[in-house]
Amino acid sequence: MFNSLEMTTIAQNGFGQRNPLADRYEASASFERALRQGKWHALGHRLLGKASSLRPLPQQDATTARRPARETRIVNVPLSQIVGSEGRVGDFDSHFHPLNDHTRDRWISIAAATRQGVAMPPVELIQAADGYYVRDGHHRISVARAAGQATIESRIAYVVG
């Protein structure tokens, strides 16, 4: 039920104020809800002939060259402005609901850690004209959206365009 990182934390710190089993159970239930929503979302869009997956980052050409972001500071980006992915468009839908079971363990670990108050590193995004694309942090974004967060701490790696 616990992964090795969680077992080490429990061994070093004890169970503390929060019950890790309860947090893990709640995180698992949250994953199941998000997975169900993702599958229903995909089915509904398929029936309507619409795409429900994340948008892939546009291919680079002479007019869309990447340039490093001016500043590498951490900013809060609205989750609604994150529209796609640099490479994992098949794992999450356009609302960052998980679409398959192979994301389960990582998703649940992040959700449980978040419930326990563990600070997560900022996600890494690429800024484009139509929104932000995820370079690193898909699971953290999915968990944040499932928890009802409006923004997420981010580091902008590149600007496209």
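1. Let's start with a term: a residue is called buried under 20% relative accessible area, exposed over 50%, and partly exposed in between, using a 1.4 Å probe and protein chains only. By that scale Leu47 counts as exposed, because its relative accessibility is 70%. Leu47 sits in helix 2, which covers residues 20-48.

2. Some housekeeping before going on. This is a predicted model, where local features need pLDDT of at least 70 and side-chain atom pairs count only at pLDDT 80 or more, while totals for chains, interfaces and linings use all residues. Residues are numbered from 1 along each chain as its sequence is written, and side-chain values use heavy atoms, with hydrogens and water left out.

3. Now the overall layout. The protein chain has 4 helices and 7 strands; these are DSSP runs numbered from the N terminus, with helices (H or I) of at least four residues and strands (E) of at least two. Of the 161 residues in the protein chain, 37% are buried.

4. Together with Trp40 and Leu43, Leu47 makes a nonpolar surface patch of about 380 Å². Patches are built from residues with over 30% relative accessible area and no salt bridge, joining like charges within 9 Å and nonpolar side chains (Val, Leu, Ile, Met, Phe, Trp, Tyr) within 5 Å. The areas come from the Shrake-Rupley method with a 1.4 Å probe, and for residues only the protein chains shown count as cover.

5. Next, the aromatic rings. The structure holds 2 aromatic pairs, a pair being two rings of Phe, Tyr or Trp (its six-membered ring) with centres within 6.5 Å; planes under 30 degrees apart are stacked, over 60 edge-to-face, and the rest tilted. One of them is Phe31 with Trp107: the ring centres are 5.5 Å apart and the planes stand at 65°, so this pair is edge-to-face. The pair ties together distant parts of the chain, since Phe31 is in helix 2 and Trp107 is in helix 3 (residues 104-115), 76 residues apart. Phe31 counts as buried at 0% relative accessibility, and Trp107 is buried with a relative accessible area of 0%.

6. Phe92 and Phe96 also form an aromatic pair, this one tilted, with 6.1 Å centre to centre and 35° between the planes. Both of these residues are buried, Phe96 with a relative accessible area of 1%. Phe96 is worth a look for its backbone too: its phi is positive, about 65°, although it is not a glycine. Phe96 lies in the loop between strand 4 and helix 3.

7. Stay in that loop for Asp93, which is placed between strand 4 (82-85) and helix 3. A polar atom of the Asp93 side chain does lie 2.8 Å from the backbone nitrogen of His95.

8. Ser94 is in the loop between strand 4 and helix 3 as well, and is partly exposed with a relative accessible area of 26%. Ser94 and His41 are 53 residues apart in sequence, and their C-alpha atoms are 9.1 Å apart in space.

9. On to charges. Side chains of opposite charge can pair when their charged atoms come close. A salt bridge here is a side-chain nitrogen of Lys or Arg within 4 Å of a carboxyl oxygen of Asp or Glu, and the count comes to 7 salt bridges. Among them is Glu86 with Arg135, at 3.0 Å from N to O. This pair links distant parts of the chain: Glu86 is in the loop between strand 4 and helix 3, and Arg135 is in strand 6 (residues 131-136), 49 residues apart. Glu86 counts as partly exposed at 31%, and Arg135 is partly exposed at 30%.

10. Arg140 bridges to Asp136, with the closest N and O atoms 3.0 Å apart; Arg140 is buried at 11%, whereas Asp136 is partly exposed at 40%. There is also a network, in which salt bridges that share partners join Glu32, Asp101 and Arg104. Within it, Arg104 and Asp101 have their closest N and O atoms 2.6 Å apart, and Asp101 counts as partly exposed at 45% relative accessibility.

Note on methods: Polar contact = N/O pair within 3.5 Å; in protein donor to acceptor, adjacent residues only side chain to side chain.
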